[in-house]
Structure formats: structure tokens, C-alpha cells
Amino acid sequence: VSLVSLVDDNRQWFKSRQGLDATETPRDISFCGHAILGDDIFVVPDATKDNRFVDNPLVTDNPNIRFYAGVPLRVSNGSKIGTLCIIDEKPREFSEEDLELLRDLAEMAQQEIAAVQLSNMDELTLISNRRGFVALTQHAIEISKRKKYPVSLVYLDMNKFKQINDNFGHAEGDKALVAFAQLMKNNFRDSDVFARLGGDEFAVLLTDTSVEKVEDVLNRFDSAVNHYNQQAQRGYDLCYSVGIAAFDPERHASVEDLLAEADTLMYQHKKQAAGSR
């Protein structure tokens with residue numbers, strides 16, 4: 001059996017698998033939960049002779065694991081997100097040649113993960129790009145629909161960005177975009193999905209958050225932006241216009257529909273002093 005598993009706080013998810021029907025298991029009984037803690041290959045030649053696993057339900061019941069070998073998989077910042085692993089219902093010994101082959105396969109898997117990550121990430125600000133945002137928000141919306149949580153989308157457009165480029169140069173414009181994205185990272189929740197959609201346009205999807213609560217969130221964000229402007233003294237201020245749309249399955253068939261509504265509201269607010277921050 002071969003697996004590519006992603007490990008979160010509570011579960012491991014099999015994103016690619018060969019020879020196994022299961023799609024996930026709890027992390028506390030997973031072999032990969034042990035493998036991800038190390039830096040090299042984690043090998044269990046015979047789980048029935050290993051005190052850590054002898055009474056593990058994955059050993060005593062299906063899939064009757066006896067042998068396990070797993071390599072941690074890393075993303076570009078060095079974080080370990082899961083493993084490439086192989087398992088067998090028979091005990092096995094692993095040779096040095098076997099170890100090197102598994103390391104090579106893991107490196108190939110990491111390269112694939114890196115390619116996907118790059119295709120969904122804005123290279124300048126290192127947050128999601130539009131493609132990544134649409135994929136992530138669609139997943140978040142589906143979960144929220146099942147749990148009947150409110151979902152709100154905030155569309156942010158930086159004001160006077162062209163003036164920054166014209167007066168201070170494009171390198172300074174890039175610094176302004178990076179600073180704005182960093183403020184988003186620092187002030188929105190880890191569970192929120194945010195992205196640079198392109199140019200000077202950004203968006204945030206807030207799950208389990210009504211439009212009324214979004215105003216409180218934006219007030220905190222606005223305070224952080226104002227504090228940055230006072231401290232940075234770059235010769236210009238970061239300022240922005242905002243549009244807020246609540247997800248409604250009756251009106252929004254897709255994430256793009258929700259983005260379009262928030263974008264329209266943002267431009268309406270841009271024409272009003274109250275809509276600019």
C-alpha cells in the first residue's frame with residue numbers, strides 16, 4: 001500500500017492512495033503522526049513487536065499493518081505537512097537502497113506539492129492568488145453550507161496605488177502591496193481565506209461571520225492600517241475601499257458570483273467618502 005497523507009491537528013487525510021480504500025484516520029492512531037515528527041524516514045519493520053503500535057487498531061484490525069515506512073513531506077517554508085509512506089500486512093526489512101529510493105520518491109512528491117503551491121500563490125505577497133482563493137473559498141463555503149454558518153466576503157481595493165507607483169516607483173509600490181498583505185495576515189483569523197486577486201485588489205472570506213460582525217473585524221483592521229501608516233512614514237498612507245457581500249446560495253451559484261457582488265459594492269463605496277478607509 002502506498003499513500004500520500006496530509007496531517008492536521010486531529011486527522012490524517014489520504015490525498016493519494018494505492019491499495020487502500022480508507023480516505024482518512026484519526027491522527028492519534030496514525031503511523032504518519034509519528035513519522036512527521038522526525039526529519040528522515042520513519043521505519044517500523046514489524047508493528048506487532050513495537051510497543052508503540054502493538055495494540056493500535058490499524059494493526060489489530062484492518063488494514064492489519066505490520067510494516068511501515070514514511071518520509072515527511074515539506075512545503076517551501078520548511079513546514080512538514082504530511083508523509084509519503086508505504087505499508088504492508090507482512091513484516092519487512094528495509095535496505096539502504098530501499099531507503100534511498102523512498103527518499104527519491106518523496107522528493108518527487110514534494111516537487112509536485114511545490115508546483116501546486118506556486119500555482120495558487122501570489123509570488124509577490126506570498127498569499128493566495130485568485131486561482132487559489134477560488135479553490136479554497138469554494139471548499140470553505142461548502143462546509144459552511146452544511147453547518148449552516150454565515151459566510152461573508154470582503155473585497156478590498158487599495159486607493160491611490162497608481163500615485164504610489166508614479167511618485168515613488170514600482171519597487172515602492174511592491175513594498176506597499178507586501179505591507180498590505182502582511183497586515184491582512186496579522187489581523188484576520190487563521191481560518192479566514194485571503195488573497196491578492198490581482199493588481200491592487202484583495203479579498204477575504206470570513207466563515208461563521210455575519211456582515212454585521214464583519215464591520216467589527218474591519219474596524220480592527222483599519223486601526224492596524226492606521227498604526228502602520230503612523231509608524232512607517234513612507235511619504236504616503238495605505239488606504240483602501242471595501243465592499244462586503246453575504247453569501248446567499250439562492251443568489252450566488254459560485255464564488256465568482258459572490259466576488260462580483262462584493263466588487264460592485266466596493267466600487268459603489270469607493271465613490272463615497274464613508275466607503276474609503
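Among contacts between residues at least 6 apart in sequence, 58% join residues at least 24 apart, and contact here means heavy atoms within 4.5 Å. Keep in mind that this is a predicted model, where local features need pLDDT of at least 70, side-chain atom pairs count only at pLDDT 80 or more, and totals for chains, interfaces and linings use all residues. Residues are numbered from 1 along each chain as its sequence is written, and side-chain values use heavy atoms, with hydrogens and water left out.

So, the overall picture. The chain has 8 helices and 10 strands; those are DSSP runs numbered from the N terminus, with helices being H or I of at least four residues and strands E of at least two. The radius of gyration is 23 Å, well over the 19 Å from the globule rule for 277 residues, so the chain is more spread out than a compact globule. For the record, that radius is taken over C-alpha atoms, and the rule is 2.2 Å times the number of residues to the power 0.38. The C-alpha trace spans about 70 × 45 × 25 Å along its principal axes. Of the 277 residues, 43% are buried, where buried is under 20% relative accessible area, exposed is over 50% and partly exposed is in between, with a 1.4 Å probe and protein chains only.

Now the core. Which residues have the most contacts inside the largest nonpolar core? They are V154, L156, F180, M184, F188, F202 and L238, out of 29 residues in that core. By nonpolar core I mean buried Ala, Val, Leu, Ile, Met, Phe, Trp, Tyr and Cys residues joined through side-chain atoms within 4.5 Å. β7, α5, α6 (170–187), β9 (201–207), α7 and β10 each supply at least two of its residues, and α6 gives the largest share, 7 residues. Zoom in on L156: leaving aside neighbours within four places in sequence, its contacts include F180, M184, F202 and V242.

Last, the backbone. The peptide bond from N62 to P63 is cis, with omega near 5 degrees, and P63 sits in the loop between α2 (57–60) and β5 (67–74). Then there are two non-glycine residues with positive phi. K160 has about 60 degrees, in the loop between β7 (151–158) and α5 (161–168), and K160 is exposed at 56% relative accessible area. Q233 has about 50 degrees, in the loop between α7 (211–232) and β10 (240–246), and Q233 is exposed too, at 61%.
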